[in-house]
Amino acid sequence: MKIGLVPIVAKEVDEDVLNAIEDYIGRFYSNFGFEVEIIPKTSVEDLSFAYNSVRDQFLGRFFLMKAAEIRGIKGISVALGITDADLYEKGMNFIFGLANPYLSSAIISLARLRPEFYSEENEGLLKDRAIKEAMHELGHVFGLEHCSNPRCVMHFSNSIIDTDYKGNAYCKTCLEKLKRSLGWKDDRD
Ligand SMILES: [Zn+2]
Ligand SMILES: [Zn+2]
């Protein structure tokens with residue numbers, strides 16, 4: 001079983017961020033029998049129809065569908081799109097990410113995870129935040145819902161403050177749910 005990381009590039013999806021997500025997700029989800037692989041990048045040019053010039057943002061659902069399309073082409077179990085484009089959805093100023101368990105696909109945006117977006121400077125912070133959002137959206141793919149524990153990675157991030165406050169792991173309750181839906185590898189042999 002394979003989780004594919006799909007870079008959907010406007011200007012640049014940082015290589016070191018992709019590698020950090022691959023490492024972290026790879027280590028965690030190997031417990032469930034998944035391997036993680038970085039898929040060759042695709043451009044946002046294919047998604048120009050999803051661009052809203054008034055907002056200077058893209059509609060997130062089409063990025064999710066792009067990830068799902070690549071999942072089908074590559075024949076992988078799960079696709080996680082990673083884009084530097086700024087995404088929104090109806091009724092929301094922006095979104096950090098979006099997931100659909102029926103499509104076994106998700107998307108995260110790095111645009112508002114960058115410290116520079118908040119006029120901050122911190123080298124490791126983008127990686128930490130990207131890992132949290134990747135874990136969060138993959139949790140949704142595997143059937144987890146939002147968690148009331150503000151330290152749990154499945155807690156909803158209304159702003160970057162929530163993202164920074166929460167940890168990069170599923171809480172006990174969420175982990176138990178995940179184990180029930182995916183089956184923990186250690187339990188077999
Ligand atoms: Zn969520
Ligand atoms: Zn939780």
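Author: The donors of the zinc ion (ligand 2) are spaced C-x4-C-x18-C-x2-C along the chain. Keep in mind as we go that this is a predicted model.

Reader: Nice start! Which residues are the protein donors of the zinc ion (ligand 2)?

Author: The donors are the SG atoms of Cys147, Cys152, Cys171 and Cys174, lying 2.3 Å from the zinc ion (ligand 2).

Reader: And what is the geometry of the site of the zinc ion (ligand 2)?

Author: The site is tetrahedral, with angles of 107 to 111 degrees among the 4 donor atoms. For reference, the ideal angle for four tetrahedral donors is 109.5 degrees.

Reader: Is Cys147 buried or exposed? And Cys152, buried or exposed?

Author: Cys147 has a relative accessible area of 13%, so it counts as buried because the cut-off is under 20%. Cys152 is buried too, at 1% relative accessibility.

Reader: Okay, switching to the nonpolar side. How many residues are in the largest nonpolar core?

Author: That core has 43 residues, and Ile21, Tyr29 and Tyr170 are the ones with the most contacts inside it. Two or more residues come from each of S1, H1, S6, S10, H3 and H5.

Reader: Which element gives the most to this core?

Author: H1 does, with 8 residues.

Reader: Let's stay on H1, then. Which residues of H1 are buried, and what do they pack against?

Author: The buried ones are Val17, Leu18, Ala20, Ile21, Tyr24, Ile25, Gly26, Phe28 and Tyr29. They pack against strands S1 (2-9), S2 (35-38), S6 (78-83) and S10 (105-109), and against helices H3 (125-141) and H5 (172-182).

Reader: How far apart are the end C-alpha atoms of H1?

Author: They are 21 Å apart. At 1.5 Å a residue, the 15 residues of H1 (residues 15-29) should span 21 Å, so the two values agree.

Reader: Good to know. How many aromatic pairs are there?

Author: The count comes to 12 aromatic pairs. One of them is Phe28 with Tyr29, an edge-to-face pair at 4.9 Å centre to centre with 85 degrees between the planes. Both Phe28 and Tyr29 are buried. Phe94 and Phe96 have ring centres 5.0 Å apart and planes at 75 degrees, so that pair is edge-to-face as well.

Reader: Which residues do the ring pairs link into a cluster?

Author: The cluster holds Phe28, Tyr29, Phe32, Phe34, Phe142 and Tyr170.

Reader: Now H3. How many of its residues are buried?

Author: H3 is mostly covered, with 15 of its 17 residues buried. Its end C-alpha atoms lie 24 Å apart, in agreement with the 24 Å that its 17 residues should span at 1.5 Å a residue. Just after H3, Gly143 takes a positive phi of about 95 degrees.

Reader: Last one, then: which residues other than glycine have a positive phi?

Author: Among them are Asp56, at about 55 degrees, and Ser104, near 50 degrees. Asp56 is in the loop between strand S4 (51-52) and strand S5 (57-59), while Ser104 is in the loop between strand S9 (97-100) and S10. Ser104 is buried, with a relative accessible area of 18%.

Conventions
Residues are numbered from 1 along each chain as its sequence is written. Chains are lettered from A and ligands numbered from 1 in the order in which they are written. This is a predicted model: local features need pLDDT of at least 70, side-chain atom pairs count only at pLDDT 80 or more; totals for chains, interfaces and linings use all residues. Side-chain values use heavy atoms; hydrogens and water are left out. Helices (H or I, at least four residues) and strands (E, at least two) are DSSP runs, numbered from the N terminus. The expected span of a helix is 1.5 Å times one less than its number of residues. Buried means under 20% relative accessible area, exposed over 50%, partly exposed in between (1.4 Å probe, protein chains only). Contact means heavy atoms within 4.5 Å. Donors are N, O and S atoms within 2.8 Å of the metal (3.2 Å for Na, K and Ca); water is not among the atoms, so sites may look incomplete. Four donors count as tetrahedral if all angles lie between 85 and 135 degrees; four count as square planar and six as octahedral if opposite donors are over 155 degrees apart and all others between 65 and 115; anything else is irregular. A nonpolar core is a set of buried Ala, Val, Leu, Ile, Met, Phe, Trp, Tyr and Cys residues joined through side-chain atoms within 4.5 Å. Rings of Phe, Tyr and Trp (its six-membered ring) pair if their centres lie within 6.5 Å; planes under 30 degrees apart count as stacked, over 60 as edge-to-face and the rest as tilted.
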